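Please open the model in your viewer and keep the selection tool at hand. The tour below moves from one selection to the next and says what is to be found at each stop.

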Amino acid sequence: MAKHLAKDAGKAAVAQLGWWKAHRFLILRRLTQLSVLLAFWSGPFWDVWLFKGNLSGSVLFDVVPFTDPLIAAQTLASGHWLQPSA
């Protein structure tokens with residue numbers, strides 16, 4: 001029986017698929033996370049307000065509302081409708 005070590009995790013995928021295909025979703029996820037953080041930080045740091053609000057509920061360009069999907073599901077499951085913030 002072969003012993004699987006944590007340091008060897010993913011080596012078979014890299015050998016079979018190549019480095020990019022084995023890591024593409026991780027890299028794209030990190031780039032998405034970084035871009036969302038930069039969009040939120042752009043207001044306080046550079047006075048360019050793309051998003052207003054916080055990570056649980058915000059507005060993009062003062063037009064498009066966003067909310068955390070888990071908070072929205074919890075609100076709907078409790079029998080309440082989502083209310084737009086004024």
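**From helix to loops**

Begin by selecting Leu34, which is partly exposed at a relative accessible area of 44% (buried means under 20%, exposed over 50% and partly exposed in between, with a 1.4 Å probe and protein chains only). Leu34 lies in helix α2, residues 19-46 (helices are DSSP runs of H or I with at least four residues, strands are runs of E with at least two, and both are numbered from the N terminus). The model is predicted, so local features need pLDDT of at least 70 and side-chain atom pairs pLDDT 80 or more, whereas totals for chains, interfaces and linings use all residues. Residues are numbered from 1 along each chain as its sequence is written, and side-chain values use heavy atoms, without hydrogens or water.

Next, select Trp41 and Phe45, which are four residues apart in helix α2 and therefore separated by about one helical turn. Trp41 is partly exposed at 41%, while Phe45 counts as exposed at 58% relative accessibility.

Now move to Asp47, in the loop between α2 and β1 (51-53), where phi is near 60 degrees, a positive value in a residue other than glycine. Asp47 is exposed, with a relative accessible area of 61%.

Finally, select Asp62 in the loop between β2 (57-60) and β3 (64-67); Asp62 has a positive phi of about 60 degrees although it is not a glycine, and counts as exposed at 55% relative accessibility.
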